[in-house]
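Please have the model open while you read.

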Amino acid sequence: MKKYFLPLVMLATAFCCCMTSQAKPEVRPRVFVNPGHGGLDSDDRPCPFYCYGMGDTVSYYESVSNWYKGNALVGILQRKGYETAISRVNNTTEDDLDLFEIMSLAANSGADLFFAIHSNATGIQRSMNAPLALYRGFTGQPAVEGNDVIAKLMMEALGSNEATQWSSTPEISGDWTFYDWGYKVGLGVLRFNKLPGMLCEGSFHDYIGERCRLENPDYCWLEAWNQSCAMDKYFDHEPKIQLGCIAGLLRSGEASPYKKDGYQLYGDDDRRGKNGYEMQLFDADKKHVATYVTDNFDNGFYLFKNLKPGIYYLNYAGSYQEVKVEANKVTYLNYQDFDLVDDFDGPPHRIKKPTKTE
Ligand SMILES: [Zn+2]
């Protein structure tokens, strides 16, 4: 036996050297994030949110939810091992950069991917809610290789969100096909862009049910998380963190106050979300892990993020439900275990801004 010892050691050494010399260098994909608009101005897509009298006005601005999503995405990508650059970290009028300036920043950042964050509006009375991916080029003929790939992966990731109410399936289009603005004109922010990339209309903010959710920074974080998962696939990137999330909607038996006001509501959005509800999360040993208090915007949205994979329990209405968390995935659980009671006919509904947590 002894005579084999040396060759085996040599073989083992050679194998180790081989492994070392061929180890893949660390690849850190670089993403340029462009949260759309900036500031609280008339061109920042304001929408009335809920207003029943003087001093009781809460407005929605697309610039705010884009800002929440953009900063959340940068944080998530960095933890996953990406390099990032972003066109704005605040939300002031000065942050609303010229489109050519955004393109220059993106080009100079050395990014591998350009990603513009927006939400959508029909601009007409009829509302809808679905994600839309726009990339430079004709549909099916991207101007830059990879545009259509990230667009498809992004729509799969965003369309998987079950803590919302979609009215239809995601749409993917080249901007030259989508906009009738002239031959190869398309979106300004993509016009001079030589990077692979896209503009992501995550959902429709002029759909009242979605606008209620977009007021919640954690709901915007969830969209950013799903965006990051699409980028992981695009870059074939193994995230440095292996964490998952639990998210969902808690709906009461009351009709949505917006139903009374004649707003169009899809599916279970016709029920009021539970405001100020304390959702409890426990680990596999039923030790308390975290509590999420839903906001006061009638959305009933809750989120537990950055969870290690494993078995957890949600305690809702006094009963424990087992939940499996998997790395790089979201486990969705919506609750509406109450029968819908009569339509809302109470006094005008008043709301107050929730305390921002991040
Ligand atoms: Zn926009």
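1. D236 sits in the loop that links α8 with β11 (helices are DSSP runs of H or I with at least four residues, strands are runs of E with at least two, and both are numbered from the N terminus). Although D236 is not a glycine, its phi is positive, at about 50 degrees. This residue has 8 C-beta neighbours inside 10 Å, so D236 counts as exposed (buried means 20 or more other C-beta atoms within 10 Å of a residue's own, exposed means 12 or fewer, and partly exposed lies in between, with C-beta atoms placed from the backbone).

2. A word on the basis of these notes: the model is predicted, with local features needing pLDDT of at least 70 and side-chain atom pairs counting only at pLDDT 80 or more, while totals for chains, interfaces and linings use all residues. Residues are numbered from 1 along each chain as its sequence is written.

3. Now the helix that D236 follows. Helix α8 covers residues 217–235, and its 19 residues should span 27 Å at 1.5 Å a residue; the end C-alpha atoms are 27 Å apart, which agrees (the expected span is 1.5 Å times one less than the number of residues). Most of α8 is covered, with 17 of its 19 residues buried.

4. What does α8 lie across? The helix lies across β11, β16 and β19, and runs at about 50 degrees to β16 (axes are lines fitted to C-alpha atoms, for helices over the stretch in contact, and angles run from 0 to 180 degrees between N-to-C directions; contact means C-beta atoms, placed from the backbone, within 7 Å).

5. Those strands make an open sheet of three in the order β16-β11-β19, with mixed pairing (two strands pair if DSSP finds at least two bridges between them). At the edges stand β16 (301–307) and β19 (330–332), each with a single partner strand, so one side of each has no neighbour in the sheet. On average, neighbouring strands here are turned by 15 degrees against each other, direction ignored. Strand β11 (residues 244–249) runs antiparallel to β16, joined by five bridges, and I246 stands opposite F304 of β16.

6. The largest nonpolar core has 72 residues, of which V31, L113, F115, A133, M154, M198 and L303 touch the most other members (a nonpolar core is a set of buried Ala, Val, Leu, Ile, Met, Phe, Trp, Tyr and Cys residues joined through C-beta atoms within 7 Å). With 10 residues, α8 gives the most to this core. Both domain 1 (30–235) and domain 2 (244–332) give residues to the core, so it lies between them; the domain bounds come from an automatic or database domain assignment.

7. L303 is worth a click: leaving out residues up to four places away in sequence, L303 touches D218, W221, L222, C245, A247 and Y292. There is also a second, separate core of six residues, including Y207, I208, C212 and Y258.

8. Strand β1 (residues 30–35) has five of its six residues buried, so β1 is largely enclosed by the rest of the structure. Four bridges pair β1 in the parallel sense with strand β4 (residues 83–86), where A85 is the bridge partner of F32. β1 also runs parallel to strand β5 (residues 113–120), through five bridges, and V33 has F115 as its bridge partner there.

9. Another open sheet has four strands in the order β15-β14-β17-β18, with antiparallel pairing. Its edges are β15 (288–293) and β18 (319–325), each with a single partner strand, so one side of each is left without a neighbour in the sheet. Between β14 (residues 278–282) and β17 (residues 310–316) there are three bridges, and F282 stands opposite Y313. β17 and β18 are joined by seven bridges; their hairpin has two residues between the strands, and A317 in this hairpin takes a positive phi near 55 degrees.

10. Which other non-glycine residue deserves a look for a positive phi? K286 has a phi near 60 degrees and is found in the loop between β14 and β15. With 11 C-beta neighbours inside 10 Å, K286 counts as exposed.

11. Finally, G273 lies in strand β13 (residues 271–273) and counts as buried, with 27 C-beta neighbours inside 10 Å. G273 and T294 are 21 residues apart in sequence, and their C-alpha atoms are 8.9 Å apart.

Conventions:
Two residues are in contact if their C-beta atoms, placed from the backbone, lie within 7 Å.
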